[in-house]
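This report looks at a chain-to-chain contact and at aromatic ring pairs. Please keep the sequence and the structure at hand.

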Amino acid sequence: MMSNNGVNFAPFWHNGPAPGSFYNFPQNNIKSNSAIDEYGFQRNGGPITTGTSIVGVKYDKGVIIAGDKLVSYGNLARYHNVDRVFKINENIILGMSGDYADFQFIKQYIDEIILSDFSADDRIVLKPKDLYTWLTRVLYNRRSRFNPLWLDMVVGGMQGEEPFLGHINIRGRSYTNDVISTGYGTHLALPLLREYSEKGPLNEETAQQLIQKSMEVLFYRDCRGYPKYSQANINANGVTVSDHEVKQNWDLALSIKGY
Amino acid sequence: MLNNFATLDEERGFSFRNCKRNAQLVANGFIPPKAIKTGTTICGVTYKDGVVLGCDTRTTIGNIIWEKKCEKIYKIQNNIFVAGAGTAADMDGMVKWMRSNMELHRLNTNRKIVPVITLVTTLSHHFFRYGGAISCVFLIGGVDNNGPHLHVVYKHGSKMKLPYATMGSGSYAAMTILETRWKPDMTEQEAKELVADAITSGVVNDLGSGTNVNLCVIRKSSSEKINGYREICGNGKRILDYSIKHGTTGIISETIKKIELDVIEEQIEKMEVE
């Protein structure tokens with residue numbers, strides 16, 4: 001029994017609200033699992049068509065973000081040739097993971113922002129931190145209304161002279177770091193990325209190799225992985241979005257005999 | 001349940017009779033006690049002449065670190081070692097079982113060493129009979145007349161033979177290192193460094209693993225357990241000298257009194273020196 005210095009208080013009432021916990025009023029049927037509530041409003045019940053991990057690495061002069069080219073439909077590897085990393089403008093690249101439909105929805109708004117930025121014609125171009133804070137606010141707001149956009153976004157780019165890399169998750173939690181990963185990448189890619197990035201600033205070649213190794217491990221160990229990936233590389237010279245294939249090595253399969 | 005009395009003597013393995021009652025208790029609000037888990041990183045790697053097993057040294061109960069320096073690699077025979085992950089009690093019980101069974105097997109077959117596959121098969125059969133209720137996983141590494149072997153046996157009884165393997169909560173982090181750096185026919189030193197790197201990755205990136213890296217090397221004619229191969233977490237070093245110097249407390253006055261003692265009784269006993 002909890003010790004109140006030896007004094008035991010009897011509860012004042014039974015079957016009523018308990019301080020600190022959620023109280024289900026008896027006449028309301030809140031247990032219903034229906035996607036549509038009594039007012040006809042539908043909430044996000046979970047991701048349907050999904051992209052898996054994204055990996056991002058900041059190097060001394062820029063940022064690389066990569067993600068495989070697969071969008072899955074549950075257990076089905078449905079769309080094989082989908083870029084999940086994008087050039088937003090000359091300063092910003094974006095990687096998405098999570099529900100692809102939610103991403104297409106928000107991409108429209110991002111495109112509108114870029115267009116109005118261009119139309120303002122004031123020689124001020126949107127910077128990565130602006131998009132990063134905008135996404136944080138949108139995703140946090142949606143989460144606070146219990147209707148999240150099921151997304152994990154990685155924003156990278158050149159904030160003036162300095163490279164920038166940040167992550168916003170489904171609940172609107174955002175943080176910046178030298179290495180970022182989403183989905184299974186947090187378990188599989190991040191330990192490898194941290195090992196190298198903690199030794200000191202990376203150069204472009206090492207960052208490139210790190211991305212390659214991470215995508216290789218993700219293909220080997222993530223059930224929703226895929227051997228083809230696209231990567232966006234941004235530095236002072238501009239943005240390059242390119243396609244790559246994982247170097248698969250299955251030699252060890254020959255040596256496994258028995259079980 | 002009168003009709004069950006006749007079959008009581010024949011019952012082997014786990015009795016699942018209480019499962020329905022337990023489920024009922026949980027539904028009625030009973031909170032079962034937490035098992036001590038080892039929340040671990042263990043890994044094993046085969047190299048040219050043998051096997052290297054590695055583990056971290058942290059035991060956890062829920063979110064509390066119970067033991068900072070525990071053992072997770074156990075010797076079963078001179079040529080067979082296991083590394084375990086899962087509930088600590090189950091692991092200890094199974095290690096006892098494995099040790100006695102393998103020793104009896106060796107004496108009964110009257111041979112110098114036990115083949116690794118013997119332990120793997122008996123262990124997986126045992127686990128299967130208990131339906132996964134024995135909640136631990138083992139990496140079994142050893143060298144016998146057929147060379148070095150590394151096997152994984154899971155709590156439900158399935159087994160796998162692999163060139164490299166990791167288990168435990170830190171297995172993802174450790175597997176990343178193995179996937180990028182393992183190659184066939186490594187030397188012993190390369191294998192030890194690789195395993196240490198993999199466990200370090202688990203210790204640093206996983207909250208259920210910590211403190212030190214313990215290694216075990218099994219070769220054809222010898223085996224070696226190295227505790228504390230790498231120390232990753234430890235107590236900090238004191239930078240300054242915190243001892244209190246003589247004269248810190250000022251002395252105002254000094255009084256010396258002699259304590260008078262009276263001799264009341266004297267007893268002399270002879271000591272036997274032989």
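By about how many helical turns are A:Y100 and A:F103 separated in helix α1 of chain A? The answer is about one, because the two are three residues apart in that helix (residues 100-120). Helices (H or I, at least four residues) and strands (E, at least two) are DSSP runs, numbered from the N terminus.

This is a predicted model, in which local features need pLDDT of at least 70, side-chain atom pairs count only at pLDDT 80 or more, and totals for chains, interfaces and linings use all residues. Residues are numbered from 1 along each chain as its sequence is written, chains are lettered from A and ligands numbered from 1 in the order in which they are written, and side-chain values use heavy atoms, with hydrogens and water left out.

**Aromatic pairs**

The whole structure holds nine aromatic pairs over all chains. Rings of Phe, Tyr and Trp (its six-membered ring) pair if their centres lie within 6.5 Å; planes under 30 degrees apart count as stacked, over 60 as edge-to-face and the rest as tilted. Two of the pairs are tabulated here.

| Pair | Centre to centre | Angle between planes | Class |
|---|---|---|---|
| A:Y100 and A:F103 | 6.1 Å | 40° | tilted |
| B:F127 and B:F138 | 6.3 Å | 5° | stacked |

A:Y100 and A:F103 are both buried, meaning under 20% relative accessible area, with exposed over 50% and partly exposed in between (1.4 Å probe, protein chains only). Ring pairs also join A:F86 to A:Y100 and A:F103 in a cluster.

B:F127 and B:F138 are buried too. Their pair links distant parts of the chain, eleven residues apart. B:F127 sits in helix α3 (residues 116-129) of chain B, and B:F138 in strand β7 (residues 136-144) of chain B.

**The contact of chain A and chain B**

Chain A and chain B each give 17 residues to the contact (heavy atoms within 4.5 Å). Together they bury about 1600 Å², 60% of it on carbon and sulfur atoms. Buried area is the accessible area (1.4 Å probe) that two parts lose on being put together, summed over both.

Two salt bridges cross the interface (a side-chain nitrogen of Lys or Arg within 4 Å of a carboxyl oxygen of Asp or Glu). A salt bridge joins B:E179 and A:R221, at 2.7 Å from N to O.

On chain A, α3 (185-188), α4 (190-197) and α5 (204-221) each supply at least two residues of the side that touches chain B. α4(A) gives the most, with five residues.
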